[in-house]
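Reader: Hello! I am new to this structure and would like a friendly tour of it, one question at a time.

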Amino acid sequence: MGIKKDDPKPSRSRAIGTILLVIGAGFLILNLLLPQLFSPNVPRVPYSLFIDQVSDGEVARAYVGQDQIRYQLKTETEQAGEILATTPIFDLELPQRLEDNGVEFAAAPPKGNNWFATLLSWVIPPLIFVGIWQFFLRRGAGGPQGALSISKSKAKVYVESEGTKVSFDDVAGVDEAKTELEEIVEFLREPQRYTNIGARIPKGVLLVGPPGTGKTLLAKAVAGEAGVAFFSISGSEFVELFVGAGAARVRDLFEQAKQKAPCIIFIDELDAIGKSRAGNGFIAGGNDEREQTLNQLLTEMDGFAAGDATVIVLAATNRPETLDPALLRPGRFDRQVLVDRPDLAGRLKILEIYAGRVKLASDVDLKATATRTPGFAGADLANLVNEAALLAARNRRETVAQADFAEAIERVVAGLEKKSRVLNEKEKTIVAYHEVGHALVGAALEGGGQVAKISIVPRGMAALGYTLQLPTEDRFLLNETELRHQIATLLGGRSAEEIVFNSITTGAANDLQRATDLAERMVTTYGMSEVLGPLAYEKGQQNSFLGEGMMNPRRNVSDATAKAIDQEVRDLVETGHELALSILRANRDLLEAIAQQILEQEVIEGESLQTLLAKVQQPAALEAATT
Ligand code: ADP
Ligand code: MG
Ligand code: ZN
């Protein structure tokens, strides 16, 4: 695969700009000054005076030009008369008048008195024009194709090049997607086998999945495996620079592709052009261009019918819900391949791929690392291995050890350790109790996973300390109790502050945010409220992979319902709060003990933490409820 680099050539384009400026300035000066310099200065008189002089028979001869009449006065003597000039006005009777008064007249001779200026004024504008054109071409195309490619697709053609070839073996953890794409490779290798039976080869295959799960990588692997021409372009590259260029590019891309069939066109980030045309009318302007591009794409996809050359369009997006429905219609991107985050086995395979590229110590346990990284996408795992290798190298070790992986996970999860940030003693104490609060509540309740580490070393942007809860297994479904327990755990920090210091700090803001969000989702999305029943009060967007982050818009509900929702959310959070308080009160001594210990050590993890947390007692109320 050839990675094409956009060479900006800054010095080059600046030089061209300078040259243009100089030429332009020169042209202006010439045009302004030359006529004055080269033509003799003639006194100007009003037109009315000229007419008077003609009528009085004082004018000997006149040259009538477009923008000037020059005339010579008669003299008694033999000397040449004075030459004057006037600006003509539109006067059809002038020739008649001149003739009547015996004036010798002619059209003005062409301004050839100054052939140099004339020449320049003919030569320079085209030069400037060509210069500007070149300038934009360089900027627009930036590739070896250079000139005339404004509307040419900038698709990079991947042809198999040995050595850098990506194959299906380089992609792991997305087995279903791989199976589907292997079929596509078959279509391309032996189209007849399918068409002979009368099967229609799909035209479009859409890879959908969260960022970093390997969609682009998979497309490259298809190219590598199929051994056919592979045109790759990113959706955002269509919409650029010139209005109308996007549609022209699409046309050109398909033109090129048909000549090279069988082949693959890969459009990365399809959502950049394929956004739904409906429902975003509120974005003022700028839509037409994308719409044209989209329409052209639809037209082209409809254009090549079965029996035609085999061109398969692969596209990738992480926002399938924003795509225009027209794109997903049969005959276009009728196949959708889900490229999801890998599960435990998949993560292990991906880790194996990347760990195979670094030197590993004998104690490395990739399985354990895979277990601790649910939710990581392929790109995160690749990054994780690299972080671990960097850590080992920084500590001047020859091989990457398990401890490096453990630390790399924390880095990726919680941001880099900020050693420079120092808390004062009072703050440190508060943070210690706060974090131990989370840990104790988390340990007492099920649903949040195992408390693996408590730390009061600041990390990342916001967290002053943190409690790391790691799932013991992949979970896809959580029940109501577990969610309630998560809310209680989130409130554990603040509850500890309340109990110990009898006051609240700003440190719990993020906890409260997350607890409230969770409670709201329980009520409005998961239908877990008894009062409100199993209704979804949020308008679900079709599954958005970016998930969690944004709240869906709420369905139109009556005031009473809105009030009830608020009440339920409040109750859930308040119940969680009470639960956390009761757990902490029941374990007050343990809270003190662990907090003191963490103030000394800054971090507690592993065996010693588990021994401490094993002492957590269930509050009486909870025990009664569960047994
Ligand atoms: P996407 O296009 O889905 O956002 P990419 O294909 O660009 O993700 O992935 C970025 C990088 O992460 C890849 O180049 C590869 O190194 C790594 N990666 C992602 N997913 C996988 C996977 N399933 N197997 C192996 N490597 C992966
Ligand atoms: Mg990508
Ligand atoms: Zn907290």
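Reader: How far is an oxygen atom of ligand 1 from a polar backbone atom of Gly214?

Author: Welcome! This is a predicted model, where local features need pLDDT of at least 70, side-chain atom pairs count only at pLDDT 80 or more, and totals for chains, interfaces and linings use all residues. Residues are numbered from 1 along each chain as its sequence is written, chains are lettered from A and ligands numbered from 1 in the order in which they are written, and side-chain values use heavy atoms, leaving out hydrogens and water. A polar contact is a pair of N or O atoms within 3.5 Å (within protein, one must be able to donate a hydrogen and the other to accept it, and residues adjacent in sequence count only if both atoms are side-chain atoms). For Gly214, the distance is 3.1 Å.

Reader: How much of ligand 1 does the protein bury?

Author: Accessible areas come from the Shrake-Rupley method with a 1.4 Å probe; for residues, only the protein chains shown count as cover. Ligand 1 taken alone exposes 550 Å², and the share of this that the protein buries is 77%.

Reader: Why does ligand 1 lie between two domains, and which are they?

Author: Domain bounds here come from an automatic or database domain assignment. Both domains give residues to the shell around ligand 1, so the ligand lies between domain 3 (156-338) and domain 4 (344-413).

Reader: Which protein residues are donors of the zinc ion (ligand 3)?

Author: Donors are N, O and S atoms within 2.8 Å of the metal (3.2 Å for Na, K and Ca); water is not among the atoms, so sites may look incomplete. The protein donors lie 2.0 to 2.1 Å from the zinc ion, and they are His434 (NE2), His438 (NE2) and Asp511 (OD).

Reader: What separates His434 and His438 in helix α17?

Author: Helices (H or I, at least four residues) and strands (E, at least two) are DSSP runs, numbered from the N terminus. Because His434 and His438 are four residues apart in α17 (residues 425-444), their separation is about one helical turn.

Reader: Is Arg396 buried or exposed, and what is its phi?

Author: Buried means under 20% relative accessible area, exposed over 50%, and partly exposed in between (1.4 Å probe, protein chains only). Arg396 lies in the loop between α15 and α16 (402-414), and with a relative accessible area of 75% it is exposed. Most residues other than glycine have a negative phi. Arg396 has a positive phi, near 55°.
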